[in-house]
Amino acid sequence: MFLETQQNTAKDLTPMPDQFEHYITKNIKAFYKRRLLTPILYLIFLLVLWFVLSLSAPLFPDTLDAPDTLESTYRRHEEYISATLSDLKFTGYTQAFLGHISGYYYYTMRNDECIIVLLSPNTSEQGLPEIPQVSVRAKILHGSENFDELLNHLASDLNWTENGIHNKVSQYVLSEPDYNLLGNTLLYVVFFATGGYALICIVFFILYICFPILSPACQDLALFGNPKKLLEQAEDELATLPQLATEDMFITEHFFIETSVYGNAIVPIDEIIWIYKYSTLHKFFWYHFSISYTLHISANRHLYIQCPKNIKSDIDGIMDYLAEANHNILVGFSEANRLKVQEIQGTPMHFEKFIAFLKKIAFKFRASTERKLLQSALSVL
């Protein structure tokens, strides 16, 4: 509901200065304090994932030390390792995926223990019979059914018993293809990009809390003059006596002000050129339970403001008052009003630059094509 102040009633004026003292600045601080919680929680979530899933392991693999066995390293949860191996011999067996060879199985002796190493096609050069030395980044895997089948075939080739080869060969495999750092690239890009964005948001939100004048709502006033002076004027007018007030929208002598949970806005009334409301039907499956209204404001210098989730009576009252305060304001959504606003505002500067850039590229492409066609024709002649 609206609160229209009565200038001839002293009782209505007494609480207003205290109630609206630095009201805009306080709401800007409160708005960014609320928003600060989300990126902080998200960063905490990312840190938990980083340690729980050991996401640092593929980026910074542990070194497989000489006295360590694959089993002891695996049990310390050091699955991703870098190692230098010597005297590798090709087993004659490969690993295939979707009809393509993804790895070549080799065996080598390490600390009196025979280990199986799966090398990528590039590292093994498509299956060299012997490799004197190689440095790899690999993942330690526990032997699976395929691994047992490999050992059985290898035992048959070497005339060993199955029990003998199982006792002699480590049950853990060093797999270079399973290291797959490239496959995790998308995960790391999303992880660091979103984490970086959250960190930037935290920095800016803290900055806006400490210095509200730097917030976007206040910096938009730079389009019409000195933002600090305009903010002080808006604060003084709101603290003295607002002309019209709803729960989160106010009209003073010279400003329209929004201080809602969805954002803050300060717009000089003289700069507003178009206002209209847009209704949104909220429903759950087939049940329609409410309708909310969004106030759209277009101002000079391509400033656009939206005040969402308001009731119809509030927005109608605001629109009527703004139209009365500035008779040049276009009221209501229509194609005619849209064209008038486009005529008043012109084309946004960044859009003009983009169109000019595309025209320049098209001109260069056409000139280059014509030159090549002319050269081809001359060569034929």
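**Group meeting: cores, sheets and rings in a predicted model**

Let's start inside. The largest nonpolar core has 45 residues, and F256, I266, L295 and L322 have the most contacts within it. A nonpolar core here is a set of buried Ala, Val, Leu, Ile, Met, Phe, Trp, Tyr and Cys residues joined through side-chain atoms within 4.5 Å. Buried means under 20% relative accessible area, exposed means over 50%, and partly exposed is in between (1.4 Å probe, protein chains only). Helix α3 gives the most to this core, with 6 residues. Another core lies apart from it, with 18 residues, including Y104, I131, A138 and I140. In soluble globular proteins, nonpolar side chains tend to be buried together.

A word on the source. This is a predicted model: local features need pLDDT of at least 70, side-chain atom pairs count only at pLDDT 80 or more, and totals for chains, interfaces and linings use all residues. Residues are numbered from 1 along each chain as its sequence is written, and side-chain values use heavy atoms, with hydrogens and water left out.

Now the strands. Helices (H or I, at least four residues) and strands (E, at least two) are DSSP runs, numbered from the N terminus. Two strands pair if DSSP finds at least two bridges between them.

Take the open sheet of 4 strands. Its order is β7-β8-β9-β10, and the pairing is antiparallel. Which strands are at the edge? They are β7 (244-245) and β10 (263-268), and each pairs on one side only. β7 pairs with β8 (residues 249-251) over 2 bridges, in the antiparallel sense. There, A245 stands opposite F250 in β8. Helix α12 (residues 312-325) packs on this sheet and touches β7, β8 and β9. Contact means heavy atoms within 4.5 Å. The direction of α12 makes about 20° with that of β8. Axes are lines fitted to C-alpha atoms, for helices over the stretch in contact, and angles run from 0 to 180 degrees between N-to-C directions. Helix α11 (residues 227-240) lies across β8, β9 (255-260) and β10, at about 80° to β9.

Elsewhere, β5 has two partners to look at. Strand β2 (residues 80-97) pairs with β5 (residues 130-142) in the antiparallel sense, over 9 bridges. L85 stands opposite V134 in β5. β5 also pairs with β6 (residues 169-175), antiparallel again, over 4 bridges. Here L141 stands opposite V173 in β6.

Next, helix α9. The buried residues of α9 are Y188, F191, G195, A198, C201, I202, F205, Y208 and I209. What do they pack against? They pack against α3 (23-52), α4 (56-59) and α10 (216-219). An α-helix has 3.6 residues a turn, so residues three or four places apart point the same way.

Last, rings. The structure holds 17 aromatic pairs. Rings of Phe, Tyr and Trp (its six-membered ring) pair if their centres lie within 6.5 Å; planes under 30 degrees apart count as stacked, over 60 as edge-to-face and the rest as tilted. F90 and Y104 have ring centres 5.8 Å apart and planes at 55°, so this pair is tilted. F90 is partly exposed, at 25% relative accessibility, whereas Y104 is buried, at 7%. W274 and F333 have ring centres 5.8 Å apart and planes at 20°, so this pair is stacked. W274 is buried, at 5% relative accessibility, but F333 is exposed, at 54%. Ring pairs also link F31, Y32, F204, F205 and Y208 into a cluster.
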